[in-house]
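User: Hi! Could you walk me through a few features of this protein while I have it open on my screen?

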Amino acid sequence: MLETALGHHQAGRLAEAEAIYRQILAVDADHADSLHLLGMIEHQRGRHEIAVSMIRSAIAINQTEAAYHSNLGAIYQTQGKLDEAAACFERALILKPDWAEVHSNYGNILEAQGKLEEALACHERALAFKPEFAEACSNLGNVRYAQGKLTEAVACYEKALAFRPDYADAHNNLGTAFLAQDKIAQAVAHFERALILKPDHASAHNNLGNARMRQDKIDEAQAHYERALVLKPDYANAHNNLANVFKEQGRFDDAMAHYQRAISISPDYAEAHLNRADLKSFQPGDADLAALEALSLPPDRALYIHFALAKALDDVKDYGGAFEHLRQGNALKRARIHYDEMGTLKLFERIATGFDRGLFDRFQGQGDPSSVPVFVLGMPRSGSTLIEQILGSHPQIHAAGELTVLDKMDLPDPERIAGLGRLGQSYLARLPKVAGKLRIVDKLPGNFLRIGLIRLMLPNARIIHTLRDPIDTCLSCYFKLFNTGLPFTYDLAELGRYYRAYSELMAHWRSVLPPGAMLEVSYEDVVDDLEGQARRLIDYCGLPWNHHCIDFHRSGRPVRTASAVQVRQPLFRGSVHRWRNYESGLAPLLNELARIGT
C-alpha cells in the first residue's frame with residue numbers, strides 16, 4: 001500500500017495518497033513513514049504547523065531516519081524559523097554525514113543567519129561529496145555574493161550552469177551578480193533566460209525590474225514588479241521596489257500603500273522602513289515612529305533604521321534625538337565603505353592644475369558646437385533636482401536625469417586632451433533621442449569636476465552651477481543614506497574637507513572660464529523669488545519663457561534622485577538655515593568649513 005501511495009504522491013495526486021496513508025495509520029497508528037509523508041502533504045498544501053506536528057510525531061516514533069529531520073528542517077526554513085531548521089539539518093547530518101543536499105541546505109540557513117564562513121564550508125562539503133551538484137555551486141555563489149566577492153560568485157554560477165544549463169535559479173543569480181557589476185545587458189540576458197525556463201519565477205521578474213530601472217525603462221520595470229506580485233503576493237522586496245517606482249512618478253499614496261505592505265509582510269525590512277520614512281511626515285505619538293524605535297536589528301540593517309529615525313524625529317522637532325541617530329547611522333555606514341580621501345582631494349588639485357587658462361586658450365574652438373546640452377551640477381543636495389525640475393517643465397527642454405556619460409571622460413592631464421570635437425560628438429551620440437526638444441539637461445552633480453572638459457569639448461553647452469548655504473548643503477548630505485557613491489558624506493569632518501575642496505575648485509573654474517560660461521543659481525534665491533530665478537534660467541538656455549516652469553511640482557516626469565519627494569511640493573523656506581537646529585553637534589563640519597578661502 002505504501003508504494004501505491006508514494007506513486008500517487010510523486011504524481012501530485014495528493015488526495016489519493018493521503019487516503020492511503022490514513023488507511024495505513026488506521027491499522028498501525030505508529031507507522032512513522034505514513035505520518036512523515038502526511039506531514040509532507042500538509043506542507044505542500046501550505047499548512048505548515050500541521051506538517052510540523054505530524055513529522056515531529058514521526059520522529060518521536062523513529063528518531064534515526066535522517067529524511068524526517070531534513071524535511072522538518074525544510075519546513076522550519078519556509079516558516080523563517082532558522083534556529084529550528086539548523087538544529088534539524090545538524091541532526092540529519094549526524095545520521096547521514098555524506099548527504100550533499102542537506103549540507104547545502106544547512107549552508108543556506110547559515111547564510112541567512114549571517115554566518116558566511118560556516119555557510120561556505122557547508123557548500124564546499126556538499127561539493128566534495130557530489131562534485132557536479134549544480135545547486136550547491138549556485139548556493140556557494142550566493143555566499144560569495146553576500147561577501148561582496150562578485151567575481152567568485154559569477155564563477156560559481158557559471159559552473160552551476162555548466163552542469164545544468166536549464167537551471168533557472170542559477171541564471172537569475174548570475175544576472176543579479178552581473179547587475180552588481182554594472183554589466184546590465186548581461187544581467188538582462190540571464191534574467192530573461194530564467195523567465196524563458198520558468199515563466200512564473202517571481203524573483204527573476206523582480207530582478208529584471210531592477211535592471212530595467214537601471215536602464216531608465218521605468219514602465220517595463222513597473223510591469224515586472226507587478227508580475228512578480230501576481231505570482232507572489234507576499235513578496236516584500238517587490239512591494240518595496242514597486243513603491244519606489246510610484247514614488248519617482250509622484251504617486252505617493254500608491255507608494256505608501258506598497259511600503260506599508262512590504263513592512264506588514266516583513267516587519268524588520270529595514271530598507272522599506274527608511275523608504276516609508278522619507279515619504280511621510282511624522283507627527284508626535286505616531287505609531288510608525290514607535291514601531292521604528294522598537295526594532296532591534298544587526299548593524300548592517302540597523303543603519304537604515306537610524307536614518308529613518310533621524311528623519312522621523314526631525315519631523316517631530318526632536319532635534320537632539322534625530323542627531324544621535326544620524327551620528328550612529330552615519331558611523332555604521334562609514335565603517336562599511338572605503339573612501340580614499342587623500343586620493344580624492346589630490347584629484348581636485350590635479351584637475352585645477354591641469355585645466356589652467358593656457359589650456360583653454362590652446363584648445364579654444366576645437367569642440368563640437370552643439371548647444372543642446374545643459375549641465376546642472378554642484379554639490380549633492382544643493383538644489384540641482386529643483387533646478388532640473390524647473391527646466392524640465394519647459395516644453396522645449398528634456399530633463400534626462402543623472403547621466404553617467406562623462407564618468408570616464410575626465411582627463412586632467414593636458415597632454416591627453418585631444419580630439420575634443422570627437423569627444424563632444426561621442427557625448428552627444430549617447431544622449432536620449434527626444435523629438436521636439438532643443439535642450440537636454442544632464443543633472444549629475446559630480447560633473448562639477450568636469451567643467452573644464454565640458455567647456456573644451458562642448459563650448460556652447462550651458463553650465464548651471466547650483467549653490468546652497470554650505471552648512472545646509474552638508475547637513476542635508478549627512479541626513480541621507482545614498483544608494484550608491486558619495487562616500488565622503490558619512491563623516492562630518494570628511495564632508496567638510498570635501499566641500500572645501502569643491503569650493504576651491506569652483507573658484508578655480510570662475511577664474512579660468514570666460515564671463516557667461518557658467519550660470520550660478522542659489523537655492524535660497526529660488527525660494528525667495530521662484531519666477532525671477534526661473535526666468536533667469538530659461539533666458540540663459542536661450543528659450544522663450546513658459547509659465548509651466550513655476551508649476552514644476554505638478555510635472556509628471558519621473559524623478560530618480562534623493563529629492564524625489566521634495567520636488568513634488570511647492571517651495572517653502574523650511575530647509576533654509578535648517579542647520580541651526582543641529583549646530584551643537586556640527587563642530588567637526590563647522591571647523592572645516594571655516595577654513596574655506598584660507
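This is a predicted model: local features need pLDDT of at least 70, side-chain atom pairs count only at pLDDT 80 or more; totals for chains, interfaces and linings use all residues.

User: Great, helices first. At what angle do α7 and α9 pack?

Analyst: The angle is about 15°, and the axes of α7 (residues 100-112) and α9 (residues 134-146) are 10 Å apart. Angles under 35 degrees count as roughly parallel, so α7 and α9 are roughly parallel to each other. Their crossing is left-handed.

User: Which residues in α7 and α9 meet?

Analyst: From α7 you have Ser-104, Asn-108 and Glu-111. They meet Glu-135, Ala-136, Asn-139, Asn-142, Val-143 and Ala-146 in α9. By class, this contact of α7 with α9 has 3 nonpolar, 4 polar and 2 charged residues.

User: What about α15 and α17, at what angle do they cross?

Analyst: Roughly 20°, and the axes of α15 and α17 (residues 270-279) come within 10 Å. α15 and α17 are therefore roughly parallel to each other, and their crossing is left-handed. α15 brings Asn-240, Asn-244 and Lys-247 to this contact, while α17 brings Glu-271, Ala-272, Asn-275 and Leu-279. By class, the contact of α15 with α17 has 2 nonpolar, 3 polar and 2 charged residues.

User: Nice. Changing topic: what volume does the second largest pocket have?

Analyst: The volume of the second largest pocket is about 210 Å³.

User: Which helix gives the most to its lining?

Analyst: That is α22, with 4 residues in the lining of the second largest pocket. α22 (357-363) and α25 (451-457) each supply at least two lining residues.

User: Which residues should I click on to see that pocket lined?

Analyst: Pick out Arg-357, Phe-360, Asp-361, Phe-363, Gln-364 and Gly-365, then Arg-455, Leu-456 and Pro-459, and finally Val-512, Leu-513 and Pro-514.

User: How many of the lining residues are nonpolar, polar and charged?

Analyst: The lining of the second largest pocket has 7 nonpolar residues, along with 2 polar and 3 charged ones.

Definitions and conventions. Residues are numbered from 1 along each chain as its sequence is written. Side-chain values use heavy atoms; hydrogens and water are left out. On a 1 Å grid over the protein atoms alone, a cavity is a set of points where a 1.4 Å probe fits but cannot get out, and a pocket is an open set with protein on both sides within 12 Å along at least five of seven lines; lining residues have an atom within 4 Å of a point. Grid points are joined across faces, edges and corners, and a volume is the space filled by probe spheres set on the points. Ala, Val, Leu, Ile, Met, Phe, Trp, Tyr, Cys and Pro count as nonpolar, Asp, Glu, Lys and Arg as charged, and the others, Gly among them, as polar. Axes are lines fitted to C-alpha atoms, for helices over the stretch in contact, and angles run from 0 to 180 degrees between N-to-C directions. Angles under 35 degrees count as roughly parallel, over 145 as roughly antiparallel, 65 to 115 as roughly perpendicular and the rest as oblique. A crossing is left-handed if the near helix is turned anticlockwise from the far one by less than a right angle, and right-handed if clockwise. Contact means heavy atoms within 4.5 Å.
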